[in-house]
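Please look through the sequence and the model below. The text that follows goes from one residue to the whole chain.

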Amino acid sequence: MESLPIRVDRTWLNDFLKNMEQESGWSTWERYRLALEAAELQCIPDFDTLRCLEYVTGFEPLPHQIETAQKVLGQMKGRAILADEVGLGKTIEAGLILKEYMVRGLVKNALILVPSSLVLQWTRELNQKFQIPATPQKKEWMWDQYDILVASIDTAKRDPHRSKVLNRHYDLLIVDEAHKLKNRRTKNWQFINEMKKKYTLLLTATPIQNDLHELYNLVTLLKPGQLGQQTSFNTTYVAGKRKPKNEDQLREEVHRVMIRNKRSDGHISFTKRHVHTVRVTLSPEERALYEGITQFIREQYQSNRGQLKSLLSLITLQREVCSSRDAAFHTLFKLFKRESDGLESLSPEVLHLAGLLRAVQTQSKVNEALRLVKEINDKVIIFTEYRATQDLLIRALNEHNIYAVPYRGGFARNKKDWMREIFQTRAQVMVATEAGGEGINLQFCHHIINYDLPWNPMRVEQRIGRIHRLGQSEDVTIFNFATENTIEEHIVWLLHEKIDMFRTVIGEVDTILEKMGLKEDVEQNLMRILIESKDDQEIQVQLDKLGDQFASAEEQVRTEIEKREVLMDGTQSS
Amino acid sequence: MEPNQVRSLTLRYLEAYDCHMIEKHPDYIETRLSIEVDKDIIQRPFYWMYVEKMGLEPQPATLLFTFEPGKAPSGVREDLLTSGAPRFQQMLRSARNHGRFVRLYEDKRPRLLKEGSLPYEPWLVLHYQVSFLCDRKKDHLISLGIDLRTGAISEGFDQQLQGRDWTHKLPDRRHTLPSILSIPEAVGELEYWLQGWIENQDLTWADQAMDQLNQELAQLHAFYPEEWRMSDELHEEKKQRLRESIWQYHPRVEVETVSAGLFYLTPTHP
């Protein structure tokens with residue numbers, strides 16, 4: 001090295017001379033020693049130990065996450081694509097890397113661009129797990145005022161935000177869901193390309209969705225020229241629309257800038273899922289109520305055709321009655337009120353239903369839940385869709401001296417953490433109305449009871465994902481309650497037996513639904529089938545059809561995934 | 001860092017900065033902070049602004065520190081200090097801030113000195129944190145002393161200061177020998193010495209970083225078309241990418257002064 005630039009800080013000297021002149025401002029020997037010891041503690045004498053691990057709170061990073069961080073900081077020099085399969089902790093890896101750079105003073109400001117739905121979650125995780133003072137971007141002035149910002153990419157790329165972002169120099173840029181940068185002609189890609197940045201992390205589980213050019217665009221954004229110019233890339237690596245050539249060479253080039261951990265890698269172990277359907281027979285009174293409501297819905301459907309919206313709330317009633325009498329009571333009460341608010345007198349149908357509801361004294365499902373919880377004799381999380389059912393269950397469990405805590409979306413963050421804490425340390429059961437964001441993990445629990453099921457497979461998957469995730473050391477057992485001869489039985493059959501939902505790997509469900517064109521409205525679709533079918537047999541036929549569609553979409557998705565895997569590393573996906 | 005190390009450093013810090021010790025239990029320390037420490041390790045600038053504006057009696061916080069989780073007496077809110085805890089890092093920063101400059105006289109009673117005065121030799125002692133940077137970073141702490149009368153420089157001078165007693169006032173019957181070098185001159189000498197020291201370190205890392213940088217620049221030059229074929233935007237983009245590579249990789253050294261002390265030592269051979 002001929003001339004290594006050296007910068008020596010001398011800003012202290014004036015203060016020191018002032019102290020001498022004024023004979024004041026001197027510290028003591030002990031304070032002087034403490035300053036030196038503090039400096040020694042904060043001094044990092046080598047390039048490559050991970051000091052960030054000291055700061056990690058509340059969890060243990062897994063070996064593959066630590067290795068990934070080391071590789072990105074070392075060989076890849078802070079510009080990398082993190083392409084782990086879903087659920088392996090890309091956020092953790094990015095957090096480790098960011099923290100390490102911050103501890104060493106190499107990163108003072110960073111921008112984390114994520115889909116808007118994930119802004120708060122990212123902020124929370126960085127703060128809680130890594131003690132990184134990240135702030136969610138909310139107002140325009142914040143771009144200049146904060147060092148670590150988490151923002152939505154859609155906001156950032158639009159004026160007036162855009163020019164603020166483009167004016168700053170970012171020591172580190174993290175982009176989550178980076179497959180949105182696969183097309184060079186999009187605003188997203190051009191925006192990221194224009195930004196001034198030192199280190200860059202692009203996070204995506206699917207670096208290739210359709211063809212090689214997506215990968216080329218991603219890598220070029222990260223390190224222009226890494227895969228050569230577009231034309232030379234085409235001649236060297238592209239044989240046809242979806243066909244690569246010189247694959248080994250391509251893979252080698254890509255792996256210089258991309259890390260992809262997979263479930264099938266030996267060192268990452270997922271435990272098994274065991275799934276059981278628990279059939280519950282309704283008591284004669286419950287049966288009468290269910291039939292009464294079904295009858296009521298049919299009549300309503302025939303009398304006011306076309307008014308689908310009000311019919312949907314009736315289907316809800318039918319679902320609720322499968323969950324509990326209490327859940328149905330609320331909806332029925334509302335119907336009741338709506339009618340009595342008007343001038344008409346109460347319709348005999350509603351009065352009849354109210355009578356049936358009153359007749360139900362014991363609830364078969366509750367008894368089954370109590371029996372099962374006692375039999376399991378270990379921590380259990382019970383999921384239900386309905387508040388009323390939740391209250392009912394907590395009451396029933398407590399009456400039987402089983403300590404149960406509630407959990408729901410409306411709880412403040414603190415309360416959520418607190419409930420989780422009690423569940424971990426003292427309670428046997430948690431009764432939850434929602435799966436909660438990524439924030440909560442309940443790996444210490446190995447049993448799930450789906451007291452009733454959401455009709456959206458994504459939400460089913462989220463429930464299971466709270467428990468069956470990386471870090472779970474034991475097999476997980478899932479019990480799905482199905483009341484016999486009800487719509488619930490149909491749904492459980494569809495989700496469990498027909499499409500084997502409970503075994504589908506995390507992260508694929510949404511892709512499959514998207515492929516079916518059903519991403520947003522699975523529930524609506526199911527309701528329509530239930531309303532429009534003449535009888536049980538037709539329902540069965542329709543659901544069967546839907547199941548077949550799901551299976552073939554799943555098949556397609558899997559084939560695509562396999563193709564991509566072969567392209568990226570020559571192996572099969574897990 | 002082990003919990004007991006965190007504990008002992010915390011204890012020393014709290015005592016050195018006049019915090020009132022309520023209980024020193026093996027598992028925890030309970031203390032009422034001094035105002036100075038409260039301002040440094042608890043972030044509540046508005047409280048302090050309010051108290052000072054209104055002329056109120058300040059109420060510094062009482063905290064209970066633990067060093068391993070769950071060691072607090074039940075029902076008490078614990079403040080867990082680990083080496084990575086933000087509060088502990090704040091203590092370190094606070095300690096570094098307030099302990100930077102000292103002027104001390106060696107406290108040694110001269111034997112059998114009835115009259116006259118014993119001289120002190122003046123030394124300037126600096127602690128430097130030398131950081132070696134490229135896309136990565138490592139630090140080195142170095143302690144240097146310079147004899148202000150001769151200009152002689154000694155590395156690892158901190159050793160020489162250990163095991164002596166100090167006082168901040170010039171004791172009776174002592175006088176300081178005049179310095180030949182002014183402080184800025186002495187600092188200049190130390191910096192010059194430090195430069196030589198840095199150049200004598202193993203600088204393979206810097207060579208490697210330079211090679212890497214050149215590779216990156218070459219890759220960029222190969223990627224972008226010839227100058228005359230580029231639009232203004234593309235030209236600007238290329239310039240930006242080149243700047244980023246330099247920013248990321250260029251090897252350099254940054255030196256920060258951790259502490260500076262003026263020490264008056266009793267000559268070994270008076």
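Does A:His274 count as buried, exposed or partly exposed? Its relative accessibility is 31%, and therefore A:His274 counts as partly exposed; buried means under 20% relative accessible area, exposed over 50%, and partly exposed in between, with a 1.4 Å probe and protein chains only.

This is a predicted model, in which local features need pLDDT of at least 70 and side-chain atom pairs count only at pLDDT 80 or more, while totals for chains, interfaces and linings use all residues. Residues are numbered from 1 along each chain as its sequence is written, chains are lettered from A and ligands numbered from 1 in the order in which they are written, and side-chain values use heavy atoms, with hydrogens and water left out.

A:His274 lies in strand S11 of chain A, which covers residues 273–280. Leaving aside residues up to four places away in sequence, A:His274 touches A:Asp475, A:Val476, A:Thr477 and A:Ile478, where contact means heavy atoms within 4.5 Å. From A:Lys129, A:His274 is separated by 145 residues in sequence and by 31 Å in space, C-alpha to C-alpha.

For chain A as a whole, there are 24 helices and 16 strands; these are DSSP runs numbered from the N terminus, helices being H or I with at least four residues and strands E with at least two. Of its 574 residues, 55% count as buried. Taken along the principal axes, the C-alpha atoms of chain A fill a box of roughly 95 × 70 × 50 Å. Among contacts between residues at least 6 apart in sequence, 74% join residues at least 24 apart.
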